[in-house]
Amino acid sequence: MHQPRSVLVTGGAGFIGSNFLLALVPRYPKVQFVNLDLLTYAGNLLNLQSIEDAPNYTFVHGDIADADLVRQLFDEHRFDTVVHFAAESHVDRSILDPLAFVRTNVVGTATLLEAARQAWGDRDDVRFHHVSTDEVFGSLGDTGAFDEATPYDPRSPYSASKAGSDHLARAYHHTYGLPVTISNCSNNYGPFQFPEKLVPLVIRNAAAGEPLPVYGRGKNTRDWLHVADHVDALDLILREGQTGETYAIGGRAERRNIEVVETLADLVDEHLGRAPGTARDLITFVTDRPGHDWRYAMDPAKIERTLNWRPAHSFEAGLRETVGWYLDNAEWLDAVADASYRDYYATQYDAR
Ligand code: NAD
Ligand code: TYD
């Protein structure tokens, strides 16, 4: 069992990091949490308003690739735990600007690992958890699922940079004995996700009467997990996971993209009291993403068996709750979808 006392959370103003902090800061009032986040377009302190004054929470605005800053934070806060979320996370953006992904995901992760190694020496009462994705395993055909033994085969600049960061984390464990754990999770959905990703983008556009862009023919498949279930898995791994181990996390909820978009469209109509089918009429098939991975599916048998983790949300109930959240938090959507978002969105449409 690992008992965190002073935790460095990187990327805590983003989607999954903020859900992690919103859950764990109140759950563990005796544990200190420091959130290091650069506040890129994807990070927003609005996400963290309900904990910003908590006595066990501190925000630091900065870059994980800034070695001096990271070293200074280790000195000041005597971290015994790192939970590393910070990343450039959107595949489409990685196609437009791959080097930003190498810098943050590869160089940034290496900077954190090195700071942890320097600060911790050969201590074994410490833990570095690296948060990663199923996309490092590549693309599945119509059958089968990824698990912890699947060979790496990343195919986008995003997944290649995440694969590089996973390899570095594992190398620090094998070479220096750094107490590392890694998790590879499937696609998350839930509150506070930046509306460039499929679920919030479709909810936003359906509500606004704008086109719902479906890449290719909409037959690509993703395996969906509510972010709160991912957060609970991470909390378990941090405390009870074995160092040097990898955990595959997923909700056994595979859906084709078109099914997800149609379900979201119907839920938005229902929530807004509109005639059924109104939002489905907005579905627009657009040019496919280059190198678009066909199918992802995760086999979470190991974390179910060894840590007794089970997701609490079914996909249908989770998606319904998520649609309600975005429509009830329209001011959050407006605030994060600022001018830079609109510029990016315009480029995406030009490209098609
Ligand atoms: P996100 O894009 O919503 O948030 C990323 C956060 O990192 C933002 O707050 C951003 O400001 C911050 N950040 C970016 N560059 C930084 C830097 N150089 N220094 C400090 N902070 C920086 O991402 P997310 O969806 O919350 O994903 C979090 C992590 O989980 C990522 O590592 C991602 O690869 C992984 N992951 C995501 C999913 C998913 O479905 N979203 C699934 C599996 C794994
Ligand atoms: P996304 O949310 O970008 O996650 P990822 O690419 O990391 O899986 O996309 C999820 C799926 O939805 C993916 O197959 C691409 C597709 N997609 C669309 O069809 N239209 C869109 O506008 C977006 C953003 C994604």
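Predicted model: local features only at pLDDT ≥ 70, side-chain atom pairs only at ≥ 80, totals over all residues.

Residues are numbered from 1 along each chain as its sequence is written, chains are lettered from A and ligands numbered from 1 in the order in which they are written, and side-chain values use heavy atoms, with hydrogens and water left out.

Two packed helices are described by the angle between their axes and the distance between the axes. Helix α4 (residues 98-120) packs against α5 at an angle of about 15°, and the axes lie 8 Å apart. Helices here are DSSP runs (H or I, at least four residues), as strands are (E, at least two), numbered from the N terminus; axes are lines fitted to C-alpha atoms, for helices over the stretch in contact, and angles run from 0 to 180 degrees between N-to-C directions. α4 and α5 are therefore roughly parallel to each other, given that angles under 35 degrees count as roughly parallel, over 145 as roughly antiparallel, 65 to 115 as roughly perpendicular and the rest as oblique. Their crossing is right-handed, a term for a near helix turned clockwise from the far one by less than a right angle. In contact (heavy atoms within 4.5 Å) are residues including F101, V102, V106 and L113 of α4 and Y158, L168, A169 and Y172 of α5. By class, this contact has 12 nonpolar, four polar and three charged residues, where Ala, Val, Leu, Ile, Met, Phe, Trp, Tyr, Cys and Pro count as nonpolar, Asp, Glu, Lys and Arg as charged, and the others, Gly among them, as polar.

Helix α10 (residues 315-328) packs with helix α6 (residues 198-208) at about 55°, the axes being 10 Å apart. That angle makes α6 oblique to α10, and the crossing is right-handed. V199, P200, I203 and A207 of α6 make the contact with L319, T322, V323, Y326 and L327 of α10. These residues comprise eight nonpolar, one polar and no charged.

Helix α8 (residues 257-272) also packs with α10, at an angle of about 50° and with axes 10 Å apart. α8 is accordingly oblique to α10, and passes α10 in a right-handed crossing. Among the residues that meet are V260, L264 and L267 in α8 and F315, L319 and V323 in α10. The contact of α8 with α10 divides into nine nonpolar, three polar and three charged residues.

The structure holds two cavities of 30 Å³ or more. A cavity is a set of points, on a 1 Å grid over the protein atoms alone, where a 1.4 Å probe fits but cannot get out, and its lining residues have an atom within 4 Å of a point. The second largest cavity contains about 30 Å³ of space, a volume being the space filled by probe spheres set on the points. Its lining consists of R170, H173, V180, T181, I182, G244, E245 and T246. The lining has two nonpolar, four polar and two charged residues.

Note on methods: 1 Å grid on protein atoms, 1.4 Å probe; cavity = no way out; pocket = protein on both sides within 12 Å on 5 of 7 lines; lining within 4 Å.
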